Amino acid sequence: MRSAANDLKRDDASAEQDLGLRPGSFAELTSGRRPVDWDLIGKAAAVWPLNERDLLPIHDDCPDGVRIHRLAEPVASGRTINRGGSPYYEYRDTAMSRVASYRPEWISMLRVVEDSDPDNPAVEWNRGHLLYQFTYFVGPVNYYYRWEGVSHCVEMNTGDSVWGLPFAPHSFTSRSSTEPAYILALTYGGDLLGDAQRELSVLGAGAARALALPAEQAALLRSFAQARLLSTEELARRAKLPAPYVAQLCSGEASATFDETAALAEALGVAVRELLPTRIDTEAGVHLAHRSGARSWELPEQGRAAYRVTQLAGDPAHPHTTALEVDVLPAADASDGWLTTYQHQYVYVLDEAPVELHWEHRGRRRTERLEPGDSAYVLPGTRLAFAAADAAQDGPTARVLLLRVGGATTTDVRFALATIPGDGIERYLDEDRLWFTSDAAPSDAVRPAAAQPHAPQYDATDQESAREH
């Protein structure tokens with residue numbers, strides 16, 4: 001409420017007038033001494049140019065940095081989905097969090113086929129879905145996918161993986177009635193979800209199609225030039241390049257060198273990276289990675305290796321998504337180094353051996369033993385390490401699936417955070433004062449240490465987490 005009022009340049013008196021509040025009550029609301037209720041949120045959204053969601057805090061269900069999902073929980077969540085009049089999949093939930101956008105499922109294939117024909121009538125196709133999907137395969141699984149009306153089938157086995165684009169129809173079946181056949185399907189929305197989706201839903205399908213950028217530099221040049229009302233001739237003058245050549249660059253008839261791209265970026269007043277289009281390496285909407293051809297390496301490279309890492313499916317179009325298979329070597333222990341990333345992390349213990357999960361969050365270290373089938377969600381920035389739970393040299397190797405996904409804190413947000421001075425980051429996270437020094441001191445005083453931020457429908461644990469945050 002305080003941050004929204006500041007952004008709209010409302011002091012306490014004007015905010016109280018807008019919201020029909022008695023004098024002095026806005027300070028009580030923004031200090032946490034009085035709860036913000038749904039009626040007030042609705043009123044604020046009615047009189048100010050805000051949506052209700054702008055005034056709602058996120059639920060922090062991961063106050064310790066890691067959220068563990070034991071195997072018994074996925075088993076309890078199991079449900080069978082029928083397709084074509086008979087059981088087709090068994091779904092189980094695995095570790096997820098309200099803080100992250102990914103939705104990971106364990107899915108067992110209940111339909112068995114005897115061939116790899118993509119047109120097999122026993123295959124029940126879905127219609128595709130909004131979310132991107134990373135899939136890790138265990139056992140003899142047939143993967144079916146359709147792109148631009150053409151159907152494909154690929155035989156996948158344990159350790160194979162695939163990354164796929166949204167809204168592409170696909171399906172899975174088993175090739176064996178005796179062997180386990182399942183997948184770990186980790187779906188996530190990336191930048192397509194959240195504010196972008198809500199904004200585009202207001203603008204409409206026509207605007208969304210017009211805003212869609214092909215992965216080419218010419219489209220980026222045209223877009224920035226239009227935004228700045230620059231003609232081709234003016235852009236050429238600023239970049240000190242021939243106007244006919246710049247026209248060819250904007251139409252896609254020519255390709256700029258890096259130095260020319262830098263000159264165009266300077267002329268447009270943007271960073272060079274804004275004129276470098278993304279690269280998409282998918283074929284027919286997917287990027288397949290077979291275990292037999294995957295790149296592997298040991299970590300650390302110097303001294304005793306703690307992990308053997310295998311790169312799984314991904315695509316340059318999503319540089320902030322990383323999928324890895326990690327073998328925890330018998331000699332590994334937490335002293336071999338921490339694994340830290342800016343990404344949200346999903347951990348799944350594969351059917352090999354148990355593993356010890358060590359982590360450090362806000363100065364506190366913890367350790368938990370994870371059995372095969374257990375999974376975990378890990379907050380960005382949490383220091384993480386794995387160690388072999390059973391250190392027998394001749395025993396099975398502990399193996400985990402590690403999926404790392406970028407969140408709402410994009411590269412641009414991270415750059416912006418680095419420009420905030422002084423205590424600005426603390427205020428950005430939890431604004432607690434009027435944006436100017438007021439003569440009426442009580443309302444712009446910093447929130448008392450004992451005050452509790454109130455969130456509709458928070459329970460005591462959530463409130464404690466929000467206060468700590």
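So, helix H4: its buried residues pack against helix H2 (12–19) and helix H3 (25–31). Helices here are DSSP runs of H or I with at least four residues, strands are E runs of at least two, and both are numbered from the N terminus. Before I go on, this is a predicted model, where local features need pLDDT of at least 70 and side-chain atom pairs count only at pLDDT 80 or more, while totals for chains, interfaces and linings use all residues. Residues are numbered from 1 along each chain as its sequence is written, and side-chain values use heavy atoms, with hydrogens and water left out.

Back to H4, which runs over residues 38–47. Which of its residues are buried? Leu-40, Ile-41, Ala-44 and Ala-45. They sit on the same side of H4, because they cover an arc of only 135° around the axis, going by the directions from the helix axis to the C-beta atoms. In general, an α-helix has 3.6 residues a turn, so residues three or four places apart point the same way. Over on the other side of H4, Asp-39 and Ala-46 are exposed. By buried I mean under 20% relative accessible area, by exposed over 50%, and partly exposed is in between, with a 1.4 Å probe and protein chains only.

Now let's zoom out. The protein has 14 helices and 20 strands, and its C-alpha trace spans about 75 × 65 × 55 Å along the principal axes. There are 469 residues, and 43% of them count as buried. Take contacts between residues at least 6 apart in sequence: 67% join residues at least 24 apart. Contact there means heavy atoms within 4.5 Å.

How many cavities of 30 Å³ or more does a search of the whole structure find? Two. A cavity is a set of points, on a 1 Å grid over the protein atoms alone, where a 1.4 Å probe fits but cannot get out, and lining residues have an atom within 4 Å of a point. Volume is the space filled by probe spheres set on the points, which are joined across faces, edges and corners.

The largest cavity comes to about 100 Å³. Its lining has 17 residues, and Gln-133, Tyr-143, Gly-164, Leu-165 and His-170 lie nearest the centre. Strands S5 (132–138), S6 (141–147), S8 (161–164) and S9 (170–174) each supply at least two of the lining residues. By class, that lining has 11 nonpolar, six polar and no charged residues.

The second largest cavity holds about 50 Å³ of space. Among the residues lining it are Val-328, Pro-330, Ala-353 and Asp-390.

His-358 is in strand S16 (residues 355–361). Is His-358 buried or exposed? Buried, because its relative accessible area is 13%. Its side chain makes a polar contact of 3.0 Å with the side chain of Glu-356, and another with that of Thr-367, also listed at 3.0 Å. A polar contact is a pair of N or O atoms within 3.5 Å; within protein, one must be able to donate a hydrogen and the other to accept it, and residues adjacent in sequence count only if both atoms are side-chain atoms.

Then there's Gly-269, in the loop between helix H11 (258–268) and strand S11 (286–289). Gly-269 counts as exposed because its relative accessibility is 60%. The C-alpha atoms of Gly-269 and Phe-224 are separated by 9.5 Å, with the two residues 45 apart along the chain.

Note on methods: 1 Å grid on protein atoms, 1.4 Å probe; cavity = no way out; pocket = protein on both sides within 12 Å on 5 of 7 lines; lining within 4 Å. Nonpolar A, V, L, I, M, F, W, Y, C, P; charged D, E, K, R; others polar.
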